[in-house]
Amino acid sequence: MLKFFIRLFKAINSNSNPSEIAHGISIALILGFLPKNNLLWYILAIFFIFMRINKGAFAIFTVIFSLITPFLDSLFHKFGIFLLSIPQLQTFYASLLDVPFICFTGFNNTIVAGSLASALILYVPVFIISRIIVSLIRKFIVPLIRKTKISIFIQNLPTIKKIGDITN
């Protein structure tokens, strides 16, 4: 459990741009919301791994959003039914089923459709909120933590100093 918080703190405090961290969190929302048993999840996961995002935040928040998802499945199901039953889109959905391998993505599953649409709708708000939070953490909380006696003690340990010298 301690490793989890260290990785999260490290990801937030890394030298990467706050936007990279925010994109990592927002993309993790998409993968975290999608069911893991279809081709769409694997295609998106491979695509997102090659994007320029903070991989630590991406991995951690994918797990966090995946843990939250089972509680939201009924909402995703209802939203998916709404999306898949729009009369004007029925011919579009039928034409997608004629494309090879598209049926393996599970787009016609109510939970897949609802969770993907929900994640895409929430992408921008999650990005904005996480970018603000990362900036605030870097501005106010990190300096406070660096001034604590425990942090100063840990930084002065010989092994930690050697690791810091190697990384700098």
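Tutor: The chain holds 8 helices and 0 strands. Helices here are DSSP runs of H or I with at least four residues, strands are E runs of at least two, and both are numbered from the N terminus. Along the sequence the pattern reads α-α-α-α-α-α-α-α. This is a predicted model: local features need pLDDT of at least 70 and side-chain atom pairs pLDDT 80 or more, while totals for chains, interfaces and linings use all residues. Residues are numbered from 1 along each chain as its sequence is written, and side-chain values use heavy atoms, with hydrogens and water left out.

Contact means heavy atoms within 4.5 Å. Among contacts with a separation of 6 or more, 76% join residues 24 or more positions apart.

Now the pocket. Rolling a probe the size of a water molecule over the atoms shows where empty space is left. On a 1 Å grid over the protein atoms alone, a pocket is an open set of points with protein on both sides within 12 Å along at least five of seven lines; a cavity is a set where a 1.4 Å probe fits but cannot get out; lining residues have an atom within 4 Å of a point. Points are joined across faces, edges and corners, and a volume is the space filled by probe spheres set on them. The second largest pocket has about 270 Å³ of space. It is lined by 13 residues, and Tyr93, Leu96, Phe107, Ala113 and Leu116 are the closest to its centre. Helices α4 (55-84), α5 (90-97) and α6 each give two or more residues to this lining. The most come from α6, with 5 residues.

Start with α6, which spans residues 110-146 and includes Thr110. Thr110 is buried, at 18% relative accessible area. Its side chain makes a 2.7 Å polar contact with that of His77. A polar contact is a pair of N or O atoms within 3.5 Å; within protein, one must be able to donate a hydrogen and the other to accept it, and residues adjacent in sequence count only if both atoms are side-chain atoms. Beyond its neighbours within four places in sequence, Thr110 touches Phe76, His77, Gly80, Ile81 and Leu84.

The loop between α5 and α6 carries Ile102. Ile102 is partly exposed, with 25% relative accessible area. Leaving out neighbours within four places in sequence, Ile102 is in contact with Leu96 and Phe107.

Leu39 belongs to helix α3 (residues 39-49). Leu39 is partly exposed, at 32%. Its C-alpha atom is 5.7 Å from that of Phe104, 65 residues away along the chain.

Next, the rings. A pair of aromatic rings is described by the distance of the centres and the angle of the planes. Rings of Phe, Tyr and Trp (its six-membered ring) pair if their centres lie within 6.5 Å; planes under 30 degrees apart are stacked, over 60 edge-to-face, and the rest tilted. The count comes to 9 aromatic pairs. Phe61 and Phe65 have ring centres 6.1 Å apart and planes at 40 degrees, so this pair is tilted. They sit 4 residues apart in α4, so about one helical turn separates them. Phe61 is buried at 17%, and Phe65 is buried at 13%. Phe92 and Tyr93 also form a tilted pair, 6.0 Å centre to centre with 50 degrees between the planes. Phe92 is partly exposed at 45%, whereas Tyr93 is buried at 16%. Phe33, Phe61, Phe65 and Phe76 form one aromatic cluster.

Conventions:
Buried < 20%, exposed > 50% of the residue type's maximum accessible area, 1.4 Å probe, protein only.
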